[in-house]
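This report describes selected local features of one protein chain. The sequence and structure are shown first, and the features follow by topic.

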Amino acid sequence: MEQSKFDKPEDIIYLKQFVKKHPDNKMGWYLLGKHYRDAGKEGKANYCFIQAGDIYDAFEQSSHPLAVSTNQLEELKAWEKRKKRKRLVRNVTVIAVPLLLLALLIPSIGNQQQVPGDDAVPAVADGSPGLGVVLVPRKEKTPAGYAFGEVMKAGGESPPKVIAAHLEEKGGWKQWNGNARLLMEMERGSGQAQFEVSMLDRNVCACDPADAKPAASRFAEWKKEQEQHWTLSSAIVQYRNLYKKWPENLDALVRPYPHNVLSGEGEGMAEMFPDLLAKLKLSASQAENAKPQTGGQGTKDAAAQIAGATSIGSYGLFQPDWSKPLEIVIDVSNHTLAVVHNGLIVRSYRVGLGGSKTPEGSFFISEKVRDPNGGDGIFGSRGMTLSNTLYAIHGTNDKDSIGKDESLGCIRLGEADVEELFDMVPLGTPVQIKNGTLPPDAKAPQERFRLAPKQDESNPAKVYRWLT
């Protein structure tokens with residue numbers, strides 16, 4: 001069984017204290033029961049689940065488990081007789097979550113102060129997005145409980161509206177452009193201690209679900225913003241890796257060749273930049289403080305701070321490592337190139353390779369050039385050199401070679417694919433060439449990712465001789 005999201009020893013003490021002070025709070029009883037159940041204390045778990053009442057029904061989608069103790073079994077039977085299973089006749093239910101519980105469980109990071117040096121962190125302005133998304137694992141048996149737990153972990157960093165969703169999964173990878181199932185939508189109510197919960201999938205709530213179309217529209221718009229965020233976040237990280245300092249502004253990323261870390265400006269990037277830069281600085285500073293130090297207690301405390309700082313995820317996406325930059329993975333076994341982020345395939349393309357001439361290993365994008373050799377030749381309209389070698393990812397004027405081993409070692413893409421990839425991944429992006437790691441069915445969306453070009457990214461002074 002998957003561990004509870006509140007798995008630190010002190011959490012159970014906090015929850016016990018909380019339900020003593022607030023015995024009518026069903027969500028508190030439910031969370032305490034989950035903790036006991038995950039710890040193998042079935043008897044105590046069952047007692048808590050009795051107190052949770054219909055909250056248990058809504059989140060577990062099943063009848064109350066039987067207790068191992070005779071007294072508790074009798075209590076369970078009596079409780080079952082008193083209560084018929086409630087179907088939600090309304091699409092929206094209000095769940096009270098007192099702020100005290102958030103304060104007990106979640107250390108606040110909103111009032112972090114500046115730290116000295118180049119990594120100075122200004123006070124983070126309230127630039128949080130209006131929508132967050134919890135990507136619930138397919139194997140999760142209680143998706144509603146999982147989603148609500150993630151919102152509670154985020155505490156004050158949680159956006160006012162949150163959608164929980166299942167993404168399609170193949171070969172152990174989440175599919176960004178696959179089929180998505182929206183499970184529920186949570187919106188903070190008029191009181192800061194309440195959430196209005198709209199169930200969007202009848203398999204989650206055993207109810208008549210709400211109309212999912214408005215949430216689907218919000219989810220689609222959020223995905224576009226998230227892609228802009230991933231690219232900008234990756235560019236900031238790669239800029240620091242390349243130049244050993246943080247970019248001062250967006251213009252520092254969008255420069256002429258050969259310093260074109262970003263290939264242009266995307267919608268909303270200027271507004272995202274200040275808050276994102278501050279959060280990346282904070283994350284880097286905390287990671288540095290968490291490194292083992294002799295004779296100090298700061299490592300454990302810093303690690304706890306990182307857990308709080310990263311729980312909200314990138315631009316409202318709840319996941320463990322929101323600041324991790326985009327990467328490229330190329331699978332030579334099925335001629336697939338994917339842009340990935342933390343176990344999620346953001347883009348996937350069919351590519352042409354060179355068989356054994358295409359080297360496996362770790363590389364990075366050391367050069368990005370628009371229209372190599374004039375753009376009309378064998379390299380197409382975009383080229384990205386790998387680790388200052390003669391290998392590159394580039395376009396091609398031989399469309400029939402895609403999916404085959406006809407190059408001298410380079411990676412060939414169709415024009416629409418290479419132009420989208422060129423905009424999405426910044427200079428410095430890691431590239432892994434492997435055998436047998438990606439699902440074979442490459443899939444790109446109809447609406448392509450695009451940046452508005454601002455600078456000259458061509459290099460007419462050089463004749464490129466990549467191993468095409």
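## Backbone features in loops

Lys 244 is found in the loop between α9 and α10. The model is predicted. Lys 244 has a positive phi of about 60° although it is not a glycine, and with a relative accessible area of 67% this residue is exposed. Pro 258 lies in the loop between α9 and α10 (269-289), and the peptide bond that leads from Tyr 257 to Pro 258 is cis, with omega near 10°. Most residues other than glycine have a negative phi, and most peptide bonds are trans.

A positive phi, near 50°, also occurs at Ser 387, a residue other than glycine. Ser 387 lies in the loop between β13 and β14 (392-394). Pro 325 is placed in the loop between β8 (317-318) and β9 (327-331). Pro 325 counts as buried because its relative accessibility is 17%, where buried means under 20%. The C-alpha atoms of Pro 325 and Thr 429 are separated by 7.8 Å, although these residues are 104 residues apart along the chain.

## Salt bridges

The count comes to 13 salt bridges. One of them joins Glu 185 and Arg 218, with the closest N and O atoms 2.9 Å apart. This pair links distant parts of the chain, 33 residues apart: Glu 185 is in strand β6 (residues 180-188) and Arg 218 in helix α9. Glu 185 counts as buried at 7% relative accessibility, whereas Arg 218 counts as partly exposed at 31%.

A salt bridge also connects the side chains of Glu 227 and Arg 347 (3.0 Å, N to O). Here the link is between helix α9, which holds Glu 227, and strand β11 (residues 344-350), which holds Arg 347; the two residues are 120 residues apart. Both Glu 227 and Arg 347 are buried. They belong to a network of salt bridges that links Glu 227, Arg 347, Asp 417, Glu 420 and Arg 448. In a further salt bridge, the side chains of Lys 170 and Glu 168 meet at 3.3 Å, N to O. Lys 170 is partly exposed, with a relative accessible area of 25%, while Glu 168 counts as buried at 14%.

## Aromatic pairs

The count comes to 8 aromatic pairs. Among them, Phe 379 and Trp 466 are edge-to-face, 4.9 Å centre to centre with 70° between the planes. This pair links distant parts of the chain, 87 residues apart: Phe 379 is in the loop between β12 (361-370) and β13 (382-386), and Trp 466 is in the segment after β16 (430-434). Phe 379 and Trp 466 are both buried.

One aromatic cluster is formed by Trp 176, Phe 219, Trp 222 and Trp 230.

## Charged surface patches

Glu 221, Glu 225, Glu 267 and Glu 271 form a negative surface patch. Glu 225 lies in helix α9 (residues 213-243) and is partly exposed, with a relative accessible area of 31%.

A positive surface patch is made up of Lys 16, Lys 20, Lys 41 and Lys 44. Lys 44 is found in helix α3 (residues 42-52) and is partly exposed, with a relative accessible area of 47%. Buried residues in α3 include Gly 43, Ala 45, Asn 46, Cys 48, Phe 49, Ile 50 and Ala 52. Gly 53 follows α3 and has a positive phi, near 60°.

Technical notes. Residues numbered from 1 in each chain as written. Predicted model: local features only at pLDDT ≥ 70, side-chain atom pairs only at ≥ 80, totals over all residues. Heavy atoms only, no water. Patch = residues over 30% accessible without salt bridge, like charges linked within 9 Å, V, L, I, M, F, W, Y side chains within 5 Å. Areas by Shrake-Rupley, 256 points an atom, 1.4 Å probe, with all protein chains shown as cover. Salt bridge = Lys/Arg side-chain N within 4 Å of Asp/Glu carboxyl O. Lys, Arg positive; Asp, Glu negative; His and termini not counted. Charge placed at Lys NZ, Arg CZ, Asp CG, Glu CD. Helix = DSSP H or I, 4+ residues; strand = E, 2+ residues; numbered from the N terminus. Buried < 20%, exposed > 50% of the residue type's maximum accessible area, 1.4 Å probe, protein only. Phe/Tyr/Trp six-rings, centres within 6.5 Å; stacked < 30°, edge-to-face > 60°.
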